[in-house]
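Take a walk through this structure, one region at a time. Keep the sequence beside the 3D view as you read.

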Amino acid sequence: MVEKRLNYFKVAPEMMKAMWNLEEASKKSILPVSLRELVKIRASQINGCAFCIDMHTRDALAAGEDLKRILTLSAWRETSYFNEREQAALLWTETLTLVSEKHAPDEIYSKVRKHFDDQEIVELTVTINVINAWNRFAIAFATKPE
């Protein structure tokens, strides 16, 4: 098992401060906390980031999210637990997390556009980008769940 490699907050405090400021700005989103947490969990599942899956599962539960929805998140297409707006957010999450494979085709953007206005799409996209960045920090530096 790989031990945590380094503390990136101590090594590059100015850059990590900028990253943290983006995280704090994303918390001011008009999107519901539960939706943001589902997005963060789903991206973290795709990226294989155990630290972030653990953290955001706990955050989602604390925000009142239903455990069965969290447990079936990786198979969201196969359940009736997620409404159309949530499905669109999860589709956008998967698309942007796997951007090298899927890019962001008009067909998918159109599905998202039906459920989110301009500000919401930007905020959803920022949320997805922020969690993908955190996943990469946690994975790169072997940050494990507590």
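**From one alanine to the core**

Ala88 is buried, with a relative accessible area of 5%. That value falls under the 20% cut-off, so the residue counts as buried. The model is a predicted one. Ala88 sits in helix 6.

What does Ala88 touch, beyond residues up to four places away in sequence? Its partners are Lys111, Val112, His115 and Phe116. Take Phe116 from that list. Ala88 and Phe116 are 28 residues apart along the chain. Their C-alpha atoms are separated by 8.8 Å.

Phe116 leads on to the largest nonpolar core, which has 22 residues. Trp92, Phe116 and Leu124 touch the most other members of this core. Which elements give two or more residues to it? They are helix 3, helix 6, helix 8 (106–113) and helix 9 (118–140). Helix 6 supplies the largest share, 6 residues.

Now look at Trp92. Setting aside neighbours within four places in sequence, Trp92 is in contact with Ala104, Ile108, Tyr109, Val112, Leu124, Thr125 and Ile128. There is also a second, separate core of 11 residues. Met16, Cys49, Val130 and Ala138 are included in that second core.

Go back to helix 6, which spans residues 84–97, and find Thr95 there. Is Thr95 buried or exposed? Thr95 is buried, with a relative accessible area of 0%. Its contacts, leaving aside neighbours within four places in sequence, are Lys102, His103, Ala104, Pro105 and Ile108.

**Where helix 3 meets helix 4**

Turn next to helix 3 (residues 33–47) and helix 4 (residues 50–62). Their axes come within 9 Å. They cross at roughly 160°. Why are the two helices called roughly antiparallel? Angles over 145 degrees count as roughly antiparallel, so the crossing of helix 3 and helix 4 falls in that class. Helix 3 and helix 4 are therefore roughly antiparallel to each other. Their crossing is left-handed.

Which residues make the contact? From helix 3 come Glu37, Lys40, Ile41, Ser44 and Gln45. Helix 4 brings Cys52, Ile53, His56, Thr57, Asp59 and Ala60. The residues of this contact divide into 4 nonpolar, 4 polar and 3 charged.

Conventions
Residues numbered from 1 in each chain as written. Predicted model: local features only at pLDDT ≥ 70, side-chain atom pairs only at ≥ 80, totals over all residues. Heavy atoms only, no water. Helix = DSSP H or I, 4+ residues; strand = E, 2+ residues; numbered from the N terminus. Buried < 20%, exposed > 50% of the residue type's maximum accessible area, 1.4 Å probe, protein only. Contact = heavy atoms within 4.5 Å. Axes fitted to C-alpha atoms, helices over the stretch in contact; angles between N-to-C directions. Parallel < 35°, antiparallel > 145°, perpendicular 65-115°, else oblique. Left-handed = near helix turned anticlockwise from the far one by under 90°. Nonpolar A, V, L, I, M, F, W, Y, C, P; charged D, E, K, R; others polar. Core = buried A, V, L, I, M, F, W, Y, C linked by side-chain atoms within 4.5 Å.
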